[in-house]
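Here are some notes to read beside the structure. Take the points one at a time and find each part on screen as you go.

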Amino acid sequence: MRMVAEPVERLIDELSRLPGVGPKTAARLAFWLLKSSDERANALADAIREVKQRVKHCSQCYNYTESDPCAICSSPSRDRSVVCVVEEPLDIRAIERTHEYKGLYHVLLGHLSPLDNMTPDKLKLRELESRIKQGGIKEVIIATDATSEGNSTAFFISRMLEPYDVKVTRLAHGLPVGGDLEYADEVTISRALQGRQVM
Amino acid sequence: MQERIYKTPAVVLRRLDFGETGKQLIIYTPRYGKLSVIAKGVKRATSKLAGHLEPLALSHVVAARGRNLDTITQADTVESFIRARSEPDRLFHALLVAELLDKLTVERDPNPVLWLLFVDTLRRVDSGDDTWRATVYFWLRLLSESGYQPALDACVQCGSALVPRSLYFGPTAGGLLCQSCRVSDLGAFPVSPNAVKVMRAGLAQPYEEFGRIRVSPELRQEIGSLLRSSTRSLLEVELGSAGLLDELRWPASAHSAS
């Protein structure tokens, strides 16, 4: 015997596929949607449909965008001689929030992780190389995560760009704001020492 | 009764996202073998655990048993293998070692010999001057420990003595084949007597002696390809890290010239 109606079961099943949502949370969300007004439920369904229909990857930087090229790539106020390489579109949001960076971006759509079958051909690496080949770019800032996977990706990019006349830099590593020194691991502390600044 | 909380040395082989800020870690330990555990909050910049749970670092971890997966509550780095994690050539070899261990072992099957071999290999890749040699030695020993040692002493098919001039390696057959048996394995390819000698030495001799054998770049290439095709045939998938090393012109690295 079915515990709940078939459409509700289907909704729970679909919601539980979302990252970070387990079966219990999915059931709670499904019943909340069931209780909510038709307008609210339809607004959510429309937003999901619209995002899938109207948002695509920018053909230059691979960020998500409604218009191609994206707002950053087509903006005349951005410095076109600097490209910041990030793993995911979400990383662009994090960097833009600082208001410190005025250059362009390149999203790899992942990081190298051979153990998870994330090999160079699955990332937008060749597309980055093509952008460099076209000329005009003087600096590539590698802003991959400070993890082993991010490091592998950074090494790969720096080796891939060796033949080109372009400065390749990497974001600094060190102690996080609000972090305790006593809990920091030795790699973090040694990087922080290497990158110390005059006060 | 099993203790609710346990402490163990561990090396993280691989990580997967888990929930909003957590990671599922595949770790290798001496007492429990390979384990899947959860580390909560490690994606946060201020996480106290994150730096101690990076892949390829040797840490002491404390974990609490859970219904499905155990949860790491404390971690402290013992050996960070900083060069193996920060120099490209060493890193990609260390990743290959971790991938091999991950793919050729099953969970909760402890093997203290393999643990020692793994940690020794990470030390060699981190500090030695020949990352290729350390990796190939590990590869051969791992195949042997996991029951997949390639048969290199006689024809694996008919058992007859081998003639050095006509040696073939059959990845599916799992070892050397004589001239007449080579047809039994469609993927069989010729192999040089020197490659066989180096591999036999890797399987029989301690690392120090194996380290004294001169191996030319061509021979390194041949042995690397042979081990890859043998492992591909076992796992039925390509090794991702080996592909990465290929892209970086493995084994023609600065560390591997003999």
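**Notes on the predicted model**

1. Start inside. The count gives one cavity of 30 Å³ or more. Keep in mind that this is a predicted model. The volume of the largest cavity is about 110 Å³.

2. What surrounds this space? The lining of the largest cavity is made of 13 residues. Nearest its centre lie S113(A), E149(A), L13(B), P55(B) and L95(B). Two elements give two or more residues each to this lining: α7 (148-160) of chain A and β1 of chain B.

3. Now sort that lining by class. Six residues of the largest cavity's lining are nonpolar, three are polar and four are charged.

4. Turn to the contact between the chains. Chain A brings 29 residues to the contact, and chain B brings 33. The size of an interface is often given as the accessible area lost when the parts come together. Here chain A and chain B bury about 2,500 Å² between them. Carbon and sulfur atoms carry 61% of that area. On the chain A side, the residues that lose the most area to chain B are L115(A), F155(A) and R159(A). Together they make up 27% of what that side buries.

5. Look at the sheet in chain B. Five strands close into a barrel there.

6. Pick out one pair of strands. In chain B, β1 (residues 5-18) and β4 (residues 58-64) pair over seven bridges. Their sense is antiparallel. To find the pair on screen, look for A10(B), which stands opposite S59(B) in β4(B).

7. Which strands does helix α3 of chain B lie across? This helix covers residues 112-127 and lies across β1, β2 (22-29), β4 and β5 (70-79) of chain B. It runs at about 65° to β1(B).

8. Finish with a pocket. The second largest pocket holds about 380 Å³ of space. Among the residues lining it are P7(A), R10(A), L33(A) and I48(A). Helices α1 (6-15) and α3 (38-54) of chain A each supply at least two lining residues. The most comes from α1(A), with five.

How values were computed: Residues numbered from 1 in each chain as written. Chains lettered and ligands numbered in written order. Predicted model: local features only at pLDDT ≥ 70, side-chain atom pairs only at ≥ 80, totals over all residues. Heavy atoms only, no water. Pairing = 2+ DSSP bridges. Helix = DSSP H or I, 4+ residues; strand = E, 2+ residues; numbered from the N terminus. Contact = heavy atoms within 4.5 Å. Axes fitted to C-alpha atoms, helices over the stretch in contact; angles between N-to-C directions. 1 Å grid on protein atoms, 1.4 Å probe; cavity = no way out; pocket = protein on both sides within 12 Å on 5 of 7 lines; lining within 4 Å. Points joined across faces, edges and corners; volume = space filled by probe spheres on them. Buried area = accessible area lost by both parts, 1.4 Å probe. Nonpolar A, V, L, I, M, F, W, Y, C, P; charged D, E, K, R; others polar.
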